[in-house]
Each structure stands twice: as C-alpha cells, then as structure tokens.
Amino acid sequence: MKVLGIDIGGSSLKGAPVDTKTGELLAERHRIDTPARLSPAEMGEAIARMAAHFDWKGPIGVGFPGVVQGRVVRTSANLHPDFVNLDAVEVFEKAAGAEVSLVNDADAAGLAEATFGAGRGVKGAVLLLTFGTGVGSALFVDGILYPNTEFGHVKRDGESWEKFVSGAAKERRGLDYPEWAADVGAYLRLLEDLLWPDLIIAGGGISADHAKWFPHLKIRSRIVPAEFLNEAGLVGAALHAARAL
Ligand code: BGC
C-alpha cells in the first residue's frame, strides 16, 4: 500500500509518500515550517498543502504529538490547546479531502522501528524514546505496541521530565552533551527501575549525534539509535494508516 505519512512536530510538519510493505520513501521528504502554533483548522490546511505538494489523493497517516484515542486527540502538551478532545480526523479529512488515520507521534516512530528498524525481530520489552520538542515514548512487548505511554510526563520536582531532557530542553538550558547526558541518564535509570526494558531505542533529531552522548549514560540497558532517525515518525504514521484504514 502507498500512504502519505505526515509527522506533526513542535515546529514543522514532515511528510513523504511511503511504501508500507518496505518502509521506503517514494519521494523526497517535504517539510512545512510552523513557527506559530497552528489551530486545528490551520493544521488541516497545512496537511492539505502537504498532500498538494505530492499531488496526493490516496490515504494519509498522521502522527500527532499527544495522546490519541481513535479519531480523538486527548492531550496537546506542545501544540495548540484546541486539539484537546477534538475529532482531529474529521478536521483533517475535510481539509485534505482524503481518508486520514491518526496515531501518537512516538507510537508511530516505534512502529517504524519495530517493523523495519532497530527493534525489528526483537523479543521482550522494547522502549523507544524520542528526544525532540518533547519526549515521546513507545513501549513494545514482543513487537506489540502498548499505545499512548506518556513517559515524557513522568514528574521531576513537579515538572514533566521532558522539560529537562528533550532536545529542545538541551538547547534552552544551554547544556553540552555530557551535562545533558547526566540528566538523560538519571531519567533512563528511573524508567529502567519501573519497566526493566531489554532494549532502549533513542530517536528524534538528536539521536543522529548519539556518539556524543551514549558513552556518558550510566544505565544498565542496551541502548541503540533509531535507524530511521528523523523519518521514523512519518514512516510509522503511514504504517499505522495501512493497518487502520
Ligand atoms: C506528548 C507526547 C508526544 C511527545 C513527543 C509529549 O509532550 O505528550 O504525546 O509523543 O511529546 O512529541
């Protein structure tokens, strides 16, 4: 199946048509910057623009950075608050004039990695974390996803851990890799004590620099970078659509 995969992020939308049998992109990835917080209607327009860029009439899979139950968004920590409890599928389908499926962005990234990437064929408990604007999580047992885990919102001093260890937090706090990795290590040790994963997969743009920070992590689990790096989200959103639509 061919699906247009779209990953909605904190500062941009990334999209490309994906062959869901192989996980391969069928055209070069396109990016639409969203410097301002888009309302749901504006996001629908951006999705329609993405589809128009590829002259796309087929199904669309969208990854969203919040809890997604069926067609409805439940949380929107870093995007517009009007998404909360909204049937976003309805808004996006109307705007794009195509069938749309919706999935949490980190779950999407996890689906791509579990199917074609660093988690392929791995038995046991696999925890994928994306370090971007926020921290997203996806938890798999023998390749089966437990949806909507929100480990970026485990609390440290009353604040979400993502406020300390996301890629954006590293920039905002002006930390170098060893300093940031000290906090990431503390965060991962907390998750390890709760979940005992067999493998941790680190995704998000910052995973491309893994050689600069993995060596500083004092953790017990095996950790590997996401193989799709920053494309996992859009590939996984397309995979989810191929299964759901
Ligand atoms: C959201 C998650 C999302 C993550 C990464 C968090 O703030 O609550 O749903 O997966 O950011 O975008």
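# Strands, helices and ligand contacts in a predicted model

User: Why is strand E11 said to be largely enclosed by the rest of the structure?

Analyst: Six of the seven residues of strand E11 (residues 135-141) are buried, so the rest of the structure largely encloses this strand. Buried means under 20% relative accessible area, exposed means over 50%, and partly exposed lies in between, with a 1.4 Å probe and protein chains only. Strands (E, at least two residues) and helices (H or I, at least four) are DSSP runs numbered from the N terminus.

User: Before we go on, what should I know about the model and the numbering?

Analyst: This is a predicted model, in which local features need pLDDT of at least 70 and side-chain atom pairs count only at pLDDT 80 or more, while totals for chains, interfaces and linings use all residues. Residues are numbered from 1 along each chain as its sequence is written, and side-chain values use heavy atoms, with hydrogens and water left out.

User: OK, back to E11. How many bridges join E10 to it?

Analyst: Strand E10 (residues 125-131) and E11 run antiparallel and are joined by seven bridges, where two strands count as paired if DSSP finds at least two bridges between them. Leu129 stands opposite Ser137 in E11, and a hairpin connects E10 to E11 through three residues.

User: And which residue of E12 does Val141 face?

Analyst: Val141 stands opposite Ile144 in E12. Strand E12 (residues 144-146) runs antiparallel to E11 and is joined to it by three bridges. E11 and E12 also form a hairpin with two residues between them, and Asp142 in that turn has a positive phi of about 50 degrees.

User: You mentioned E7 and E8. What is the strand order in their sheet?

Analyst: The order is E6-E7-E8 in an open sheet of three strands with antiparallel pairing. Strand E6 (68-69) and strand E8 (86-87) are the edge strands, each pairing on one side only. Two bridges join E6 to strand E7 (residues 72-73), and the bridge partner of Gln69 is Val72 in E7.

User: Gly66, then. What does its backbone do at the ligand?

Analyst: A backbone N or O atom of Gly66 lies 3.3 Å from an oxygen atom of the ligand, and a polar contact is a pair of N or O atoms within 3.5 Å; within protein, one must be able to donate a hydrogen and the other to accept it, and residues adjacent in sequence count only if both atoms are side-chain atoms. An N or O atom in the side chain of Glu162 is 2.8 Å from an oxygen atom of the ligand. The protein covers 94% of the 310 Å² of accessible area that the ligand has on its own, with areas from the Shrake-Rupley method and a 1.4 Å probe; for residues, only the protein chains shown count as cover.

User: Which residues around the ligand come nearest?

Analyst: Asn104, Asp105, Glu150, His153 and Glu162 come nearest of the 13 residues around the ligand, a residue being near if one of its heavy atoms lies within 4 Å.

User: What does Asn104 do for H3?

Analyst: Asn104 caps the N-terminal end of H3, with a side-chain oxygen 3.0 Å from the backbone nitrogen of Ala106. Helix H3 (residues 105-116) is mostly covered, with 10 of its 12 residues buried, among them Asp105 and Leu111.
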